[in-house]
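Subject: Structure for your review

Dear colleague,

Please find below the structure that I am handing over to you. My notes on what was found in it come after.

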Amino acid sequence: MPSPTVGGKSPIPVLLHASDPLSEAGARARLSDQRAIVLTGDGSRPGTVSLLVANSADDEMVTQWCASAPAGGPRAVLVTGRLRKAGLSSIVAGGIGAVVWRHEATGPRLVRAVTAVARGEGDMPADLVRALMDQVSSLLTQGVPGCSPRLAMLTSREVSILRGAADGEETGEIADRLGYSERTIKRDLHDLMKRLHLRNRTHAVAYAMRAGYM
């Protein structure tokens, strides 16, 4: 039987991974009344977003998911209580598109993160976005191989869009600032990420910094 629609849209399928039974039960309870998503046991279902729930980002379950996730494949939301900022770039590269702290993981907050990832965007606490930017800036300063600037040419509008994303602006705010429709900005961001094989907004920001555009 097809899933009921919400506001004319089908619920987002979510595949739950938890490091322990208590974490799984807690996540299911928080999501039980959220009609915008539907829990599924089929990871191959189109548009599925994985939800990883663990006490620490270093948990074996998280590490294995990141190691096995194919490029361009299913993306994930990570709910965790601990995350080493030094390892942030690794989990982003491994396919984590959003991070939610466990103490903030209400049903609506999880839905917001899942929805962002399903759209190809990112959703991270401001301090983590800043930490990721600092890490990439440090790599550029140290002259680490593979971090040479201008890896690919971006238009001035694309750079402005990425800078807005780095500052935490929503798509509508970027559109207003640049004087374009929100639809145009969404299209530009989607085309940019597809062209550069980027997973989400956070990954796009990291790329722009690595390439010397920020």
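Predicted model: local features only at pLDDT ≥ 70, side-chain atom pairs only at ≥ 80, totals over all residues.

Residues are numbered from 1 along each chain as its sequence is written, and side-chain values use heavy atoms, with hydrogens and water left out.

Helix α8

Helices (H or I, at least four residues) and strands (E, at least two) are DSSP runs, numbered from the N terminus. Helix α8 covers residues 182-196, which is 15 residues. From first to last C-alpha α8 reaches 21 Å, close to the 21 Å expected at 1.5 Å a residue; the expected span is 1.5 Å times one less than the number of residues.

For accessibility, buried means under 20% relative accessible area, exposed over 50%, and partly exposed in between (1.4 Å probe, protein chains only). The buried residues of α8 are Thr 184, Ile 185, Asp 188, Leu 189, Leu 192, Met 193 and Leu 196. Seen down the axis of α8, these buried residues fall within an arc of 160°, so they line one face of the helix; the arc is that of the directions from the helix axis to the C-beta atoms. Arg 183 and Lys 194 are exposed on the other side of α8. Just after the helix, His 197 takes a positive phi of about 60°.

Within α8, Met 193 is buried at 8% relative accessibility. Leaving aside neighbours within four places in sequence, Met 193 is in contact (heavy atoms within 4.5 Å) with Gly 120, Leu 198, Asn 200, Arg 201 and Ala 204. Gly 120 is 73 residues from Met 193 along the chain, with 8.5 Å between their C-alpha atoms.

Nonpolar cores

A nonpolar core is a set of buried Ala, Val, Leu, Ile, Met, Phe, Trp, Tyr and Cys residues joined through side-chain atoms within 4.5 Å. The largest such core has 20 residues, of which Leu 52, Leu 78, Leu 83 and Ile 96 touch the most other members. Two or more residues of this core come from each of β3 (49-56), α2 (60-68), β4 (75-82), α3 (88-93), β5 (96-101) and α5 (126-142). The largest share, four residues, belongs to α2. Apart from this core lies another of 19 residues, including Leu 31, Val 49, Leu 51 and Ala 98.

Salt bridges

A salt bridge is a side-chain nitrogen of Lys or Arg within 4 Å of a carboxyl oxygen of Asp or Glu, and the count comes to six. One of them joins Arg 28 to Glu 24 at 3.2 Å, N to O. Both residues lie in helix α1 (residues 21-31), four residues apart, about one turn of the helix. Arg 28 is partly exposed at 41%, and Glu 24 is partly exposed at 32%.

Arg 177 and Glu 169 form another salt bridge at 3.1 Å, N to O; Arg 177 is partly exposed at 42%, whereas Glu 169 is buried at 19%. Asp 188 pairs with Arg 187 at 3.5 Å, N to O. Here Asp 188 is buried at 10% and Arg 187 is partly exposed at 44%. Elsewhere, salt bridges that share partners join Arg 109, Arg 112 and Asp 123 into one network.

Yours sincerely
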